[in-house]
Amino acid sequence: MLRATDITVRFGGVRAIENVSMALQRTEILGLIGPNGAGKTTMVNVLSGFQQPHQGSVTLAGEKTGPLRADRLARSGVVRTFQAVRLFPGLTVSENLEVGLGSRGLGRAAARRRAAELLDYMGLAARAHMPGNALSYGEERRVGIARALALQPNFLLLDEPAAGLNIGEAEALGDLIRRIRADFGCGVLVIEHNMKLVMGLCERLHVLASGRTIAEGSPADVFRDTAFRSAYLGAEPA
Amino acid sequence: MAASISDRIGWRPAARDGLRRLVPLAALVGIVLTIVLLAGMGDIVLQRRVIFCLIHVVAVVGLYIFMGNSGVMNFSSAGFMAVGAYTSALLTMAPGMKSTFLPDLPAWLAAAHLSPLWGALAGGVMAGLMALVIGIPIMRLSGIGAAIATLSLMFICYIVLGNWTALTGGQQSLMGLPSYVGLWTAGLTAMVAIAVAFVYQETRGALALRGSREDEVAARGSGVRIVRERLAAFVVSGFVTGIAGVLYGHFLGTLRVESFYLDLTFLLVTMLVVGGMRSLAGAVIGAIGISILTELLRLVEVGFVLPGTSWSIATPPGLGDVALAAAMLLIILFRPQGLTGGHEIELPRSKTSTSGLATTSGNTGTANV
Ligand SMILES: Nc1ncnc2c1ncn2[C@@H]1O[C@H](COP(=O)(O)OP(=O)(O)OP(=O)(O)O)[C@@H](O)[C@H]1O
Ligand SMILES: [Mg+2]
């Protein structure tokens, strides 16, 4: 289990996260939702070791994760994608994956084979030798997920994987995430604004607003919650 | 359908792929070999020029190993060359020579008399050790911080060597190095340096480093230990650059600390940037290209008589340096990825056309060489 307890993060005077606790089980799909600036990405940064919390702690399988060791956490299976995707533009799509496979201990030849398998799995086989900056937006996002899968995640943290996708693509993404959970046996945390996708995909939701937890539970419970309705749907009628 | 047949015979595509991956190495070794063979037919003056060029190839390849793969600026090449050159000089000079030029050497060093090969290796190892020791604190720097730190390292080498009179003769020239470096020594060393750089860049550590070059944050997200990978590259780079210094000393037979200063640093960085710092081909082609350019300019600067006329053409002194800076500026402005655009020399990837050499878009997808 990946668990964050009583996390507080400040940027100067701004409290981006205040006293938030959350846990991600292996094999569950957890939705992390909230309006813009709620602190969702900051929370993922904390969980993945990119952001040192000012208070609180993160534990992986009961053990505290050290400060600012994002690379080590990634190698132990806590892997995240980026809201801005951040592919390696000058490397080929295959090499984008091979970097992570190398971190997981595979030699170059084995990494090449495994990258081909993963790209095939993601329906990106034809793109393997293209440079990372020559893809369509949807493809780019999928390569970002494939690159995370290269690290054999136990916990996969997806920061707005459906941003910029059309309705059809977003639905396909939902299916893909379920398939990944089944095939990789990993817990998935998804940050997502599209409520339809969230409702269909997530077994549990955690709602942030202005850095605080305002609701958590099953999607049905959360949507009935008055705090959620006023803070979230009120702020963002959609 | 040709593809499906070769797919069924499992080993064939793999073997062909393995060979294909060696093409960038073979092409560059071939270029160096051709240069050596052609120069062998020329006169002694030409050969000396070519040897200089080959030594620069070694130095720029050394620089590339770190700077090209990591994307981190490095202005310390001249310092590593100096350390390699003086180490090898002190270990290989005849004791009689040393007692003349360096009377204050410690006794064990005054007596040391290694063979050229061991001296050269010691020079490379010394430079590699310096990279290891200095690299541990500075490898977390990138951008302007790394530029300043490596430039400072170069200044420190210059000042220490220039004032450590007992060891280097200080501001005076150190003479009497065995000058064993000829065309083939320089050529073979260049080929070995290219092979070392190639083998290194095929490791997973080097790929991880290139990932960090493209995006440090994403590389950490992919589990890359950035500082460690940079340090490994810096040490290999230091070794190869040190060897370039060894060649330099044992080619000229004399050493001056002044030779390892800003001019050389700027020359090496220019060679790499003009060639294209993101590929080994860029390092080699940049070193050769700038060498040819400076030779041509030297001819013009000295002045020559236009054939068939009595007009002599001579340009103002300093033109060479200006042209070097101009070449750098033009490349940075109009072709920031360098002449090679960051590509290696490869066979075209498509299955139908298998003849001829071309550069494929391995990197930025822009135009070819
Ligand atoms: N590095 C930083 N420095 C200063 N402030 C920051 C930094 N990162 C985030 N913040 C602030 O912290 C708050 C939370 O930001 P965060 O990116 O976590 O929100 P988010 O929920 O991911 O929003 P979005 O839906 O727009 O992605 C915002 O007010 C943001 O401006
Ligand atoms: Mg965000």
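Because the model is predicted, local features need pLDDT of at least 70 and side-chain atom pairs count only at pLDDT 80 or more, whereas totals for chains, interfaces and linings use all residues. Residues are numbered from 1 along each chain as its sequence is written, chains are lettered from A in the order in which they are written, and side-chain values use heavy atoms, without hydrogens or water.

Rolling a probe the size of a water molecule over the atoms shows where empty space is left. A cavity is a set of points, on a 1 Å grid over the protein atoms alone, where a 1.4 Å probe fits but cannot get out; lining residues have an atom within 4 Å of a point. Volume is the space filled by probe spheres set on the points, which are joined across faces, edges and corners. The whole structure holds 4 cavities of 30 Å³ or more. The largest cavity, of about 70 Å³, has a lining that includes Thr81(A), Phe82(A), Val85(A), Gly144(A), Gly221(B) and Ser222(B). The largest contribution, 3 residues, comes from α5(A).

A pocket, by contrast, is an open set of grid points with protein on both sides within 12 Å along at least five of seven lines. The second largest pocket has a volume of about 770 Å³. Of its 23 lining residues, Asp263(B), Leu267(B), Thr294(B), Arg298(B) and Asp321(B) lie nearest its centre. Helices α3 (44-70), α14 (262-275), α15 (280-302) and α16 (319-334) of chain B each supply at least two lining residues.

Arg298(B) also forms a salt bridge with Glu295(B), the closest N and O atoms being 3.3 Å apart; a salt bridge is a side-chain nitrogen of Lys or Arg within 4 Å of a carboxyl oxygen of Asp or Glu. Both residues lie in helix α15 of chain B, 3 residues apart, about one turn of the helix. Over all chains the count comes to 20 salt bridges. One of them joins Glu28(A) and Arg204(A) at 2.8 Å, N to O. This pair links distant parts of the chain, 176 residues apart: Glu28(A) is in the loop between β2 (14-24) and β3 (29-33), and Arg204(A) is in strand β9 (residues 204-209). Glu28(A) counts as buried because its relative accessible area is 9%, buried meaning under 20%, exposed over 50% and partly exposed in between (1.4 Å probe, protein chains only). Another salt bridge, between Asp215(B) and Arg86(A), has its closest N and O atoms 2.9 Å apart and crosses between chains. Asp215(B) is buried at 11%, whereas Arg86(A) is partly exposed at 33%.

Helix α7 (residues 116-138) of chain B gives 9 residues, the most from any element, to a nonpolar surface patch. The patch covers about 1,000 Å² and includes Trp118(B), Ile136(B) and Phe239(B). Patches are made of residues with over 30% relative accessible area and no salt bridge, with like charges joined within 9 Å and nonpolar side chains (Val, Leu, Ile, Met, Phe, Trp, Tyr) within 5 Å; accessible areas come from the Shrake-Rupley method with a 1.4 Å probe, and for residues only the protein chains shown count as cover. Ile136(B), in helix α7 of chain B, counts as exposed because its relative accessibility is 51%.

Definitions and conventions. Helices (H or I, at least four residues) and strands (E, at least two) are DSSP runs, numbered from the N terminus.
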